[in-house]
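Have the sequence and the 3D view open and look things up as you read.

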Amino acid sequence: MIEEIFYLDEGHIKITAASVGISSRRWTSINASEITDDNYKATMKENRFDILPIVSDQTTSEYFRTETPNKYDNIFREAITHKDVLPLDTNIREVIKGFVDDNRTFYFLTYHSRITGLITLGNLNCRQIQVYIFGLICELERTLSEFIADNLSKQQLEDFITRKAATNEKMKKTWEHYHGLVQLDLENNLIEHLFLIDFFSIIDHFGIFTKLGYSKNQWGDLTSINELRHLVAHPTRSLLDKDNDVIRLWKRIGKIEDLTFRLNQIRQVKSHE
């Protein structure tokens, strides 16, 4: 029956350019007939806009832009070209990739070739992007836990945690909580109590990163994924700031995708053995 497709849906998160950007119904713009020598400059400076759409007869084909972000001395009037636009349903991954690969800070969004919205780098500091990245990290944590379970015995894992607990307060609390549940016959899976950074430490300690094709230095470099996890786990913190630009964000997304891919490939091979 046709409804079966809903039961087979794995619930993948799809964040589009439109769900992150702003609609032309809600953006701040300037009417072409109302432009004077300096009123557009005042609007851009007051709102800290680097891009200001120009609307003429309910359509948008031009815009003002600053020469340098957050500086309003030099502002240029430009025509929108094919390089400036993306379909509004473009996956947010491709938007971020475009910002980096094309060295851009904005795209106008289109629906059937009509300009209907705008997305800028500033829009990436929003809940939808946090949801997107959190989805990637959740999938990574799941596959990492499976990889550890497939390659280490329960005893190896418990021995590692008890040694760590002797010098690490956080790990001590984790072990005590887990052991308390075991005593009550309420728990028997230690790995479910661990965090992402713990997975990286365990894999590093036992050297099983080699099974994924990483060197020790390459594996150590992947721990920066945990910094991204901290950012998305705290909704009040910005993903992009002076220390974390879109290039760094894209590189970390790439690390997550690469590691998840390798883990899934290992899983596929094991399932066919």
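## The sheet

Start with an open sheet: four strands in the order β1-β8-β7-β6, with mixed pairing. The edge spots go to β1 (22-23) and β6 (85-87), and each has a single partner strand, so one side of each is left without a neighbour in the sheet. Here, strands are DSSP runs of E with at least two residues, helices are runs of H or I with at least four, and numbering goes from the N terminus. Two strands count as paired if DSSP finds at least two bridges between them. In general, strands of a sheet pair through backbone hydrogen bonds, either parallel or antiparallel.

Zoom in on β1: two bridges join it to strand β8 (residues 114-120), and these strands run antiparallel. Find Ser23, and you'll see that its bridge partner in β8 is Gly117.

## A word on the model

This is a predicted model, so local features need pLDDT of at least 70 and side-chain atom pairs count only at pLDDT 80 or more, while totals for chains, interfaces and linings use all residues. Residues are numbered from 1 along each chain as its sequence is written, and side-chain values use heavy atoms, with hydrogens and water left out.

## Rings meeting rings

Searching the whole structure turns up 11 aromatic pairs. One of them is Phe106 with Phe108, an edge-to-face pair at 5.8 Å centre to centre and 85 degrees between the planes. Rings of Phe, Tyr and Trp (its six-membered ring) pair if their centres lie within 6.5 Å; planes under 30 degrees apart are stacked, over 60 edge-to-face, and the rest tilted. Phe106 is buried at 7% relative accessibility, and Phe108 is buried too, at 0%. (Buried means under 20% relative accessible area, exposed over 50%, partly exposed in between, using a 1.4 Å probe and protein chains only.) Trp27, Tyr63, Phe106 and Phe108 form one aromatic cluster.

Arg104 gets in on this as well: its charged end sits over the ring of Phe106, 4.6 Å from the centre. The charged end of Arg104 also sits over the ring of Tyr107, 4.9 Å from its centre. To count, NZ of Lys or CZ of Arg must be within 6 Å of the ring centre and within 35 degrees of the ring normal.

What kind of pair do Trp175 and Tyr178 make? Their ring centres are 5.6 Å apart and their planes at 45 degrees, so the pair is tilted. Both lie in helix α7 (residues 169-183), three residues apart, about one turn of the helix. Trp175 is buried at 18% relative accessibility, and Tyr178 is buried at 1%.

Over in helix α11 (residues 246-271) you'll find Arg252, which is buried with a relative accessible area of 5%. Leaving out residues up to four places away in sequence, Arg252 touches Ser224, Glu227, Leu228, Leu231 and Asn244; contact means heavy atoms within 4.5 Å. Helix α5 (residues 127-151) holds Cys138, which is partly exposed at 36%.

## The largest pocket

How many residues line the largest pocket? There are 21, with Arg48, Phe49, Asp50, Ile51 and Thr120 nearest its centre. Strands β3 (51-56), β4 (59-66) and β8 each supply at least two residues of the lining.

A pocket, on a 1 Å grid over the protein atoms alone, is an open set of points where a 1.4 Å probe fits, with protein on both sides within 12 Å along at least five of seven lines; lining residues have an atom within 4 Å of a point.
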